[in-house]
2 protein chains.
Amino acid sequence: MSPQATARPTLREQQLKLREDVILREVNALLAEKGYDLMTVDEVAARVGIAKPSLYKHFESKEALAAAAMVRLLERTRAAIEAQPADAAPIDRLKGVVRWALHEHLRGQMPSLPSTRSTLRDSLVRHPGYIDLLIDVSDRLGAWIADAQRKKALAPRLPPEAILYTLFARACDPVSDYLKLSGNFSDDEIVDLVTATCFDGLAARRD
Amino acid sequence: MSPQATARPTLREQQLKLREDVILREVNALLAEKGYDLMTVDEVAARVGIAKPSLYKHFESKEALAAAAMVRLLERTRAAIEAQPADAAPIDRLKGVVRWALHEHLRGQMPSLPSTRSTLRDSLVRHPGYIDLLIDVSDRLGAWIADAQRKKALAPRLPPEAILYTLFARACDPVSDYLKLSGNFSDDEIVDLVTATCFDGLAARRD
DNA sequence: GTCTATAAATCGATAGAC
DNA sequence: GTCTATCGATTTATAGAC
């Protein structure tokens, strides 16, 4: 053990942070698997390998647990946005983010959008960090959308917010689940299919 | 009161059927509003205006209640399919069904798709009438899809089942909820927007 | 900080009187 | 068939020992 181990509280804090990250990863997977309402705190504790009261030492409630997991998801989303090549056309950067989200979804790591009538939604809007991050992510995507519409790569007539909502919704589109369940497609094919129908539509194109 | 009133048991059966229809309408609305897991049997009874045990005289469990409501929804879907003009192009008939579903959604009458990991899904596949109706509806839509692809109105490269799943998914697309929540669009505009992005995609079209 | 044990509330389902 | 009252199971959350 290093001499700083007892002197600095930082190491312990790092361990704490590490454990909380394990917790949030499991919460994220459970949110994707069964949603907020069906996820039980007992199950989270069991998967992490600790007792339930220990979990409540880290997070004060089930809602706080889910909110923290959603914040983490938004942070990873922002990272995916920043990872897009700066020299690519804005529409291709948008496609890249959608493809990243679809891959996460197929890996069972993408919780559904907080439904407009969900229990979770109310507590999320009260969570300070969540709204800020959501606005940040929306602003970055919104800038690309406006840019792509100016370049006439995205349909100029569509309201930008309709495009933004559609991109968010495709990230947890049940279509990918059903395609996966059919067993006729690989994950890459499913990502290609959903991305294509999202941007190009179901109707045939002449261009 | 007609003379047959006491002689025939049919009248009482009609009243029974009528009450069950009221129940299923409320269940349908509640399924659309909060989903199967958050819907409580107490709430259904309260909305119908009867006590919970009375509800259990009509339906033996919460699952049976939801399954009956989903069957009723599929029957109305089949009716909407049959209501499409026979002389219209197949792609326009498909659009007509999607538009009907979106209007139902905006009226709060369209439950979400039974998620691949839902509690409800397992009991639905065991319900005899449900699967038959689902196959019937899928077959009718599938015939139109094949027809539209032959005529090159729908993208010929897309797997027909991907198109079918996409149409089902758009009926309960959360995008419509968020557009409605924004308050910037009328119901008709939302239906137009979602239908357009579904068939034409987000990317600009030259045709 | 982690555990065992339990409180408090909710929900699906039923017993039994009318 | 409809009601009041209640059971049994599940789940969130906490008390208290270590």
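In the predicted model, a polar side-chain atom of K52(A) is placed 3.0 Å from a base nitrogen of DNA strand D; such a polar contact is a pair of N or O atoms within 3.5 Å, and within protein one atom must be able to donate a hydrogen and the other to accept it, with residues adjacent in sequence counted only if both atoms are side-chain atoms. The phosphates of DNA strand D are also approached: a phosphate oxygen lies 3.0 Å from a polar side-chain atom of R19(B), and another such pair, at 3.3 Å, involves a backbone N or O atom of M39(A). Residues are numbered from 1 along each chain as its sequence is written, and chains are lettered from A and ligands numbered from 1 in the order in which they are written. Local features need pLDDT of at least 70 and side-chain atom pairs count only at pLDDT 80 or more, while totals for chains, interfaces and linings use all residues; side-chain values use heavy atoms, with hydrogens and water left out.

DNA strand D has 17 residues around it, of which K52(A), Y56(A), A51(B), P53(B) and K57(B) come nearest; a residue is near a strand if one of its heavy atoms lies within 4 Å of it. Sugar or phosphate accounts for 54% of the atoms of DNA strand D within 4 Å of the protein, and bases for the rest. The surface near DNA strand D receives its largest contribution, four residues, from α4(B); helices here are DSSP runs (H or I, at least four residues), numbered from the N terminus. By class, this surface holds eight nonpolar, four polar and five charged residues, where Ala, Val, Leu, Ile, Met, Phe, Trp, Tyr, Cys and Pro count as nonpolar, Asp, Glu, Lys and Arg as charged, and the others, Gly among them, as polar.

DNA strand C is surrounded by 18 residues, the closest being R19(A), A51(A), P53(A), K52(B) and Y56(B). Of its atoms within 4 Å of the protein, 58% are in sugar or phosphate and the rest in bases. The side chain of K52(B) places an N or O atom 2.7 Å from a base nitrogen of DNA strand C. Phosphate oxygens of DNA strand C lie 2.7 Å from a polar side-chain atom of Y56(B) and 2.9 Å from a polar backbone atom of K62(B). At least two residues each of the surface near DNA strand C come from α2 (10–38) and α4 (52–58) of chain A and from α3 (41–48) and α4 (52–58) of chain B. The largest share, four residues, is that of α4(A). This surface comprises eight nonpolar, four polar and six charged residues.

Between the protein chains, 51 residues of chain A are in contact (heavy atoms within 4.5 Å) with 52 residues of chain B. The buried area is about 4300 Å², with 61% given by carbon and sulfur atoms; buried area is the accessible area (1.4 Å probe) that two parts lose on being put together, summed over both. R117(A), Y178(A) and L202(A) supply 19% of the area that chain A buries against chain B, more than any other three residues.

Two salt bridges are found across this interface, a salt bridge being a side-chain nitrogen of Lys or Arg within 4 Å of a carboxyl oxygen of Asp or Glu. One of them joins R170(B) and D173(A) (2.6 Å, N to O). On the side of chain A that touches chain B, the largest share, eight residues, comes from α9(A).
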